[in-house]
Amino acid sequence: MELVRTARDRDGRRRRGPRWLRALLATSITAAIVVPLSAAAHPEIPAPAPAALGHVTAATLGDAYTANRANAAQASRMAAAHGDRHRAAADRELAAPSRHLLAFDGRGAGLATEVFGDLAHADRVAVVVPGSDTSLDTYARFHAAGSALYRELTRHAPSGTRTAVVAWLGYRTPGTVSTTVLTAGRAEQAAPHLRDMVGELRRVTGPHTRLTLVCHSYGSVVCGRAAAGLAVADIALIGSPGTGAGTVAALRTPARVWAARGSEDWVGEVPHVRADLAVATVGFGTDPVSPAFGARVFDAADAKHSGYFTPGSTALTNLARIVLGETSEVSGA
């Protein structure tokens with residue numbers, strides 16, 4: 001699909017492209033200029049290399065948590081010495097004794113995988129994959145999302161069912177105002193790491209634990225790239241701009257695929273297109289909540305783009321039901 005071309009009608013008048021396209025290109029150009037300048041103004045924060053760990057198992061899970069907390073504490077001290085008090089505070093919070101870090105890397109924008117609950121003995125596990133602008137500097141809101149989902153699961157889990165949530169910031173997310181958020185490049189880099197992490201979870205939990213991917217915003221592009229043959233029971237796409245696939249069948253996943261978008265989510269105004277340019281493919285194709293995509297659409301009520309994990313919300317209740325396997329109770333499906 002050719003996106004950019006100045007053309008003239010037969011009478012010689014200039015013909016303009018679609019309004020959304022002009023806006024998209026204007027945003028891209030601005031981002032291409034502003035984002036590199038912003039990055040140059042904020043030098044990379046020093047941090048230690050990640051803790052050297054082998055494959056984590058149920059038996060070594062506690063050791064991994066301890067090692068990663070120690071690494072986060074060291075990263076906090078280095079950030080403080082560098083003069084970045086905000087990052088130092090964020091790293092220090094992650095280093096608290098109550099935090100369970102399956103992975104941590106304080107370098108650059110930072111990566112972290114945090115566990116809520118008893119992962120080694122969980123029967124139901126949700127893996128939350130975040131969208132754009134998620135980093136160690138903004139990690140508090142991602143932590144809040146994982147914590148809210150875990151509390152909802154524990155509240156509704158049947159007696160004897162044990163649950164856990166894994167908040168996976170395992171990739172460098174794109175900026176909301178950037179050229180990278182318009183393409184699947186970051187998702188393609190992230191997908192192998194997400195697949196590896198699911199494999200690692202299987203070594204910890206065993207083959208019978210039910211795993212669900214909860215993919216928010218650009219995170220749904222990551223999940224779309226990783227989905228083929230992945231050993232998960234369900235994939236829930238929330239606030240999704242698209243997955244890069246035209247249909248659920250094109251994802252080549254054995255999982256049930258769900259999708260929801262709140263009525264107040266601005267992603268509903270984003271054109272669901274996929275266009276090949278000379279330098280990249282822009283956009284992510286079919287709207288996941290459209291009948292053409294073929295997902296099981298569930299109710300998210302009036303959720304805003306950042307409101308799917310709001311305690312007491314319809315969206316969070318339905319996500320918990322999906323993770324628990326109570327699919328007949330999911331409203332709107």
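**Entry 1: overall**

I began with the contacts between residues at a separation of 6 or more, and residues 24 or more positions apart account for 67% of them in the protein; contact means heavy atoms within 4.5 Å. This is a predicted model, in which local features need pLDDT of at least 70 and side-chain atom pairs count only at pLDDT 80 or more, while totals for chains, interfaces and linings use all residues. Residues are numbered from 1 along each chain as its sequence is written, and side-chain values use heavy atoms, with hydrogens and water left out.

I looked up the secondary structure and noted 7 helices and 12 strands. Helices (H or I, at least four residues) and strands (E, at least two) are DSSP runs, numbered from the N terminus. Of the 333 residues in the protein, 48% are buried. Buried means under 20% relative accessible area, exposed means over 50%, and partly exposed is in between (1.4 Å probe, protein chains only).

**Entry 2**

I turned to packed helices. Two packed helices are described by the angle between their axes and the distance between the axes. The axes are lines fitted to C-alpha atoms, for helices over the stretch in contact, and angles run from 0 to 180 degrees between N-to-C directions.

For helix 2 (residues 61-82) and helix 3 (residues 85-94) I noted an angle of about 165 degrees and axes 8 Å apart. Helix 2 and helix 3 are therefore roughly antiparallel. The cut-offs are under 35 degrees for roughly parallel, over 145 for roughly antiparallel, 65 to 115 for roughly perpendicular, and oblique for the rest.

The crossing of helix 2 and helix 3 is left-handed. A crossing is left-handed if the near helix is turned anticlockwise from the far one by less than a right angle, and right-handed if clockwise.

From helix 2, the residues in this contact are Arg69, Ala72, Ala75, Ser76, Ala79 and Ala80; from helix 3 they are Arg87, Ala88, Asp91, Arg92 and Leu94. By class, the contact of helix 2 with helix 3 has 6 nonpolar, 1 polar and 4 charged residues. Here Ala, Val, Leu, Ile, Met, Phe, Trp, Tyr, Cys and Pro count as nonpolar, Asp, Glu, Lys and Arg as charged, and the others, Gly among them, as polar.

I also looked up Asn71, which is in helix 2. Asn71 counts as buried, at 6% relative accessibility. Leaving aside neighbours within four places in sequence, Asn71 is in contact with Pro48, Ala49, Pro50, Ala51 and Phe104.

**Entry 3: helix 4 and helix 7**

Helix 4 (residues 139-156) and helix 7 (residues 314-324) pack at an angle of about 65 degrees, and their axes are 9 Å apart. I noted a right-handed crossing for helix 4 and helix 7. Helix 4 brings Ala148, Leu149, Glu152, Leu153 and His156 to the contact, where they meet Leu316, Thr317, Leu319, Ala320, Val323 and Leu324 of helix 7. I sorted the residues of this contact into 8 nonpolar, 2 polar and 1 charged.

**Entry 4: helix 5, helix 6 and Leu194**

Next I looked at helix 5 (residues 185-205) and helix 6 (residues 219-226), which pack at about 65 degrees with axes 8 Å apart. The crossing of helix 5 and helix 6 is right-handed. Ala187, Glu188, Ala190, Ala191, Leu194 and Arg195 of helix 5 make the contact with Val221, Val222, Cys223, Arg225 and Ala226 of helix 6. The classes for helix 5 with helix 6 are 8 nonpolar, no polar and 3 charged residues.

I followed up Leu194 in helix 5. Leu194 is buried, with a relative accessible area of 0%. Not counting residues up to four places away in sequence, Leu194 touches Val127, Val129, Trp168, Leu213, Val222, Cys223 and Ala226. Gly170 is 24 residues from Leu194 in sequence and 7.2 Å from Leu194 in space, C-alpha to C-alpha.

**Entry 5: the disulfide**

A disulfide is a covalent bond between the sulfur atoms of two cysteines. I found 1 disulfide in the structure, and the test is a pair of cysteine sulfur atoms within 2.5 Å. The disulfide joins Cys215 to Cys223, S to S 2.1 Å. The torsion about the S-S bond of Cys215 and Cys223 is about -95 degrees, so the disulfide is left-handed. Cys215 and Cys223 are both buried.

**Entry 6: positive phi**

Last, I looked up phi in two loop residues. Ser217, in the loop between strand 7 (210-216) and helix 6, has phi near 55 degrees, a positive value in a residue other than glycine. Ser217 is buried, with a relative accessible area of 8%.

Asp133, in the loop between strand 5 (124-129) and helix 4, has phi near 60 degrees, again positive in a residue other than glycine. Asp133 is partly exposed, with a relative accessible area of 34%.
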